[in-house]
Amino acid sequence: SLTYEPRITYGNPPSGRGYHASILADSRLFLFGGHDGSSSFEDVYILDLAAGAYLPQVTSFSIEL
């Protein structure tokens, strides 16, 4: 029979939300945006399923010319 087995995940998970988009690619789950009933999100989270960890995100950068 199939049973649910919770796993420990490391890193910073996204807050609870709906109306998001997600895709599974190469054992990584990409989660885009969403809405929690009062706020809209424009963020991206990547969960590496093999490692059981959310990957750190680059939130800003600059290039000096």
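Guide: What follows is a set of questions about a predicted model, with the sheet first.

Visitor: What makes this an open sheet, and in which order do the strands come?

Guide: There are 4 strands, in the order β1-β2-β3-β4, and the pairing is antiparallel. β1 and β4 are the edge strands, as each pairs on one side only.

Visitor: How do you know that β1 and β2 pair?

Guide: Pairing takes at least two bridges between two strands. β1 and β2 run antiparallel and are joined by 5 bridges. Therefore they count as paired.

Visitor: How many bridges join β2 to β3?

Guide: 7 bridges join them, again in the antiparallel sense. Histidine 35 stands opposite serine 40 in β3. The hairpin of β2 and β3 has 4 residues between the strands. There, glycine 37 takes a positive phi near 100°.

Visitor: Why do β3 and β4 count as paired?

Guide: They have 2 bridges, in the antiparallel sense. The rule asks for at least two, so the pair qualifies. Leucine 47 has tyrosine 54 in β4 as its bridge partner. This hairpin also has 4 residues between its strands, and glycine 52 takes a positive phi near 65°.

Visitor: How many salt bridges does the whole structure hold?

Guide: A search finds 2.

Visitor: What makes the pair of aspartate 43 and arginine 17 a salt bridge?

Guide: The cut-off is 4 Å between a side-chain nitrogen of Lys or Arg and a carboxyl oxygen of Asp or Glu. Here the closest N and O atoms are 2.7 Å apart. The pair therefore passes. Aspartate 43 lies in strand β3 and arginine 17 in the segment before β1, so the pair ties together parts that are 26 residues apart in sequence. Arginine 17 counts as buried, at 17% relative accessibility.

Visitor: How do you know that aspartate 48 and arginine 28 form a salt bridge?

Guide: Their closest N and O atoms are 3.5 Å apart. That is within 4 Å, so the label holds. Aspartate 48 is in strand β3 and arginine 28 in strand β2, so this pair ties together parts that are 20 residues apart in sequence.

Visitor: Is aspartate 48 buried or exposed, and what about arginine 28?

Guide: Buried means under 20%. Aspartate 48 is at 12%, so it counts as buried. Arginine 28 has a relative accessible area of 34%, so it is partly exposed.

Visitor: What else does aspartate 48 reach or touch?

Guide: Its side chain reaches the backbone nitrogen of alanine 51 at 3.1 Å. Leaving out residues up to four places away in sequence, aspartate 48 touches Ser27, Arg28, Ala53 and Leu55.

Visitor: Which residues make the nonpolar surface patch?

Guide: Val58, Phe61, Ile63 and Leu65 make it, and its area is about 610 Å². Isoleucine 63 sits in the segment after β4.

Visitor: Why does isoleucine 63 count as exposed?

Guide: Its relative accessibility is 65%. Over 50% is exposed, so isoleucine 63 qualifies.

Visitor: Where is leucine 2 found, and what makes it exposed?

Guide: Leucine 2 is in the segment before β1. At 88% relative accessibility it is over the 50% limit, so it counts as exposed. Leucine 2 and arginine 28 are 26 residues apart in sequence and 23 Å apart in space, C-alpha to C-alpha.

Notes. Residues numbered from 1 in each chain as written. Predicted model: local features only at pLDDT ≥ 70, side-chain atom pairs only at ≥ 80, totals over all residues. Heavy atoms only, no water. Buried < 20%, exposed > 50% of the residue type's maximum accessible area, 1.4 Å probe, protein only. Polar contact = N/O pair within 3.5 Å; in protein donor to acceptor, adjacent residues only side chain to side chain. Contact = heavy atoms within 4.5 Å. Patch = residues over 30% accessible without salt bridge, like charges linked within 9 Å, V, L, I, M, F, W, Y side chains within 5 Å. Areas by Shrake-Rupley, 256 points an atom, 1.4 Å probe, with all protein chains shown as cover.
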